[in-house]
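Trainee: Could you walk me through this one? I'd like to start with a charged pair and then move on to the sheets.

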Amino acid sequence: MIIYQNISLKPYNTFGIDVKAQQFVEVNTIEEVQVLCSTFILHERKFLILGGGSNILLTKDFDGMVIKMNLKGMDAIREDENHVWIKALSGEIWHDFVTFCVDKNLSGVENLSLIPGCVGAAPMQNIGAYGAEIKDTFEELFAIEIESSKLVKFTNAECKFGYRESIFKNEAKNKYIIVAVTFKLSKTPKLNTQYGAIQETLGRKGITEPKIKDISEAIIEIRSSKLPDPKVLGNSGSFFKNPEIPASQYQVLKEKFSEIPGYPLENNLVKVPAGWLIEQCGWKGKKVGNTGSHKDQALVLVNYGGATGDEIYQLAMAIQGSVQEKFGIKISPEVNLV
Ligand code: EPU
């Protein structure tokens, strides 16, 4: 393991923000993660774990140690009549893992095609898209407890998954380094094509009996058509979570804004698309300095080149303020602010 000093993090975050890390180290094995925890007494230091850097906004130089997870490997570890369990190490690119499953005709993660980031980061925020979340296929994960350097296991229930939530964003925050995740994939496809654009896309392609690969390809097409490619335009996917508001508040808003979309949830809550709220406040496609809200998806903030993290943060706060003012709804960032 080589520990570098004063390294630019620009290549390591999809917003393309140019800040420096005081120390930077890449880890390739579970043993290296354990050595790092014990030798560097990580729990007493300032550190940042980086996977694909696709869900983070770096607002200033990082005066601690950045640990880039580079652990690779994917294997089928168990099989029964209906399922195959695949274990992937945390540094695997998420979409490579999806492709691995789709190519083996295993179902469960095809709707999550092309989500940026790494396998190890996926459980942190229970990544989700097009009607699927990883909690639906997640079996268990292995993590190193930073204080003890021990390998520990978390079951699905122990991860306390919620909408873009898990124990690792709450009580277990900064206490564990996820090193491997096991998923339970289905041999008999349970295709989820309910999300409007999927059926539309399949229909346009003349596919009436879709296979797992067809769903994956449809998702790739949909995502590519409206979400900017971070390699071309720096971004971090959805910047905010979709807010969940009481049904009573939604009804009041509906009287004033008859077009307001809403998806009823349990507990008398309604999920409102933040993209709609932001668009209604006039931000969609608007450029502010080197940043802006994307022209095809208002929820995605972009770096047009040379933006600082603080510039993007200021834009996000301005957007948050105007949504609060117009609708009385607080939208919270989905990305991690550092
Ligand atoms: N909408 C607008 N204007 C916009 C964008 C969206 O009016 O500019 C409204 C429309 O009513 C649209 C609705 O919002 O029907 C939903 O939009 P979309 O299908 O694009 O989904 P989203 O709720 O904005 C969520 C996830 C995405 C995921 C998509 C697809 C969150 C925070 N985001 O976005 O995840 O890809 O659904 O399932 O839940 C990510 O987390 O980074 C991400 C991209």
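Mentor: Lys135 and Asp136 form a salt bridge through their side chains, at 3.4 Å from N to O; the term covers a side-chain nitrogen of Lys or Arg within 4 Å of a carboxyl oxygen of Asp or Glu. Bear in mind that this is a predicted model, in which local features need pLDDT of at least 70 and side-chain atom pairs count only at pLDDT 80 or more, while totals for chains, interfaces and linings use all residues. Residues are numbered from 1 along each chain as its sequence is written, and side-chain values use heavy atoms, with hydrogens and water left out.

Trainee: Is Lys135 buried, exposed or partly exposed?

Mentor: Lys135 is partly exposed, its relative accessible area being 33%; buried means under 20%, exposed over 50%, and partly exposed in between, with a 1.4 Å probe and protein chains only.

Trainee: And which residue forms a salt bridge with Glu140?

Mentor: That is Lys153, with the closest N and O atoms 3.5 Å apart. Helices here are DSSP runs of H or I with at least four residues, strands are runs of E with at least two, and both are numbered from the N terminus. Glu140 counts as buried at 13% relative accessibility, whereas Lys153 is partly exposed at 46%.

Trainee: What about Glu165, where does its partner sit?

Mentor: Glu165 meets Lys241 in a salt bridge of 2.9 Å, N to O. This pair links distant parts of the chain, 76 residues apart, with Glu165 in the loop between β11 and β12 (176–186) and Lys241 in the loop between β13 (234–238) and β14. Glu165 is partly exposed, with a relative accessible area of 23%, and Lys241 counts as buried at 19%.

Trainee: How many salt bridges does the structure hold?

Mentor: The structure holds 13, and salt bridges with shared partners join Glu133, Lys135 and Asp136 into one network.

Trainee: Last one, what are the overall numbers for the protein?

Mentor: The protein has 7 helices and 20 strands. Its radius of gyration is 20 Å, close to the 20 Å from the globule rule for 338 residues, so the protein is as compact as a globular protein of that length; the radius is taken over C-alpha atoms, and the rule is 2.2 Å times the number of residues to the power 0.38. Of the 338 residues, 47% count as buried.
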